[in-house]
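The coordinates and sequence come first, followed by the notes.

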Amino acid sequence: MEKGLLIILSGPSGVGKGTVRMEILKRKEINLFYSVSLTTRKMRPGEMDGREYYFVDDAEFQKNIENGNLLEWAGYVGHRYGTPKDKVEQMRRSGMNVLLEIDVTGAMQVFSNLKDDDGVVSIFLCPPSMEDLEKRIRGRGTESESTIKWRMERAEIEMNEEKHYQYVVTNDSVERAADEIVSIIKRRSAALNSK
């Protein structure tokens, strides 16, 4: 059976990772599974364990860290979130390509944990310009001026990390960016399974 790829999609906050991901997931020909993270936060109404997240308590999350079962993890607003290695590997062994949409810090953890895995594909999604990114963030209409300033400062730092990725895709159009990413996945999947 063919082994699936592990696709890491990162980029600065506000670049449109979630929108591009949703477009990519519509493309059934690339056999894509969106990775579900572990979290210590409580389940919200309408959520289902194993669909939005795997909901665990702090002790269970800590056990996953100690057992080396998290490809990456981070704390955010008093809760912890992480990517379970066993679930990702299970999906890859079944032939699925697994997509992680994670921040740059998480991606660096995955790179160090899977440095010898030639089935890892890293894609950095960038804006056409920093002005365009600021316009997108402001266009949401949900952020205070201080939050926008903080996001833009963080984006400048994150943009410097693109050199660590195998591919850089500009999100000048959701459909075009998705087409480019799908093309990368098809090429790398064929290469991995021709060995």
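**Hairpin, strand pairing and helix contact**

In the hairpin formed by β5 and β6, two residues lie between the strands, and Val-77 there takes a positive phi near 50°. The model is predicted.

**Strand β6 and its partners**

- Strand β5 (residues 70-76) and β6 run antiparallel and are joined by six bridges.
- Within β6, Thr-83 is the residue that stands opposite Glu-72.
- Strand β3 (residues 37-39) also runs antiparallel to β6, and two bridges join them.
- Leu-38 has Gly-82 in β6 as its bridge partner.
- Strand β6 (residues 79-84) is largely enclosed by the rest of the structure, because five of its six residues are buried.

**Packing of α1 and α7**

- Two packed helices are described by the angle between their axes and the distance between the axes.
- For helix α1 (residues 17-25) and helix α7 (residues 174-192), the axes come within 9 Å and cross at roughly 60°.
- The two helices α1 and α7 are therefore oblique to each other, and angles of 65 to 115 degrees would count as roughly perpendicular.
- The crossing in which α1 passes α7 is right-handed.
- On the α1 side, the contact is made by Thr-19, Val-20, Glu-23 and Ile-24; on the α7 side, by Val-174, Ala-177, Ala-178, Ile-181 and Val-182.
- Seven residues of the contact of α1 with α7 are nonpolar, one is polar and one is charged.

Methods. Residues are numbered from 1 along each chain as its sequence is written. This is a predicted model: local features need pLDDT of at least 70, side-chain atom pairs count only at pLDDT 80 or more; totals for chains, interfaces and linings use all residues. Side-chain values use heavy atoms; hydrogens and water are left out. Axes are lines fitted to C-alpha atoms, for helices over the stretch in contact, and angles run from 0 to 180 degrees between N-to-C directions. Helices (H or I, at least four residues) and strands (E, at least two) are DSSP runs, numbered from the N terminus. Angles under 35 degrees count as roughly parallel, over 145 as roughly antiparallel, 65 to 115 as roughly perpendicular and the rest as oblique. A crossing is left-handed if the near helix is turned anticlockwise from the far one by less than a right angle, and right-handed if clockwise. Contact means heavy atoms within 4.5 Å. Ala, Val, Leu, Ile, Met, Phe, Trp, Tyr, Cys and Pro count as nonpolar, Asp, Glu, Lys and Arg as charged, and the others, Gly among them, as polar. Buried means under 20% relative accessible area, exposed over 50%, partly exposed in between (1.4 Å probe, protein chains only). Two strands pair if DSSP finds at least two bridges between them.
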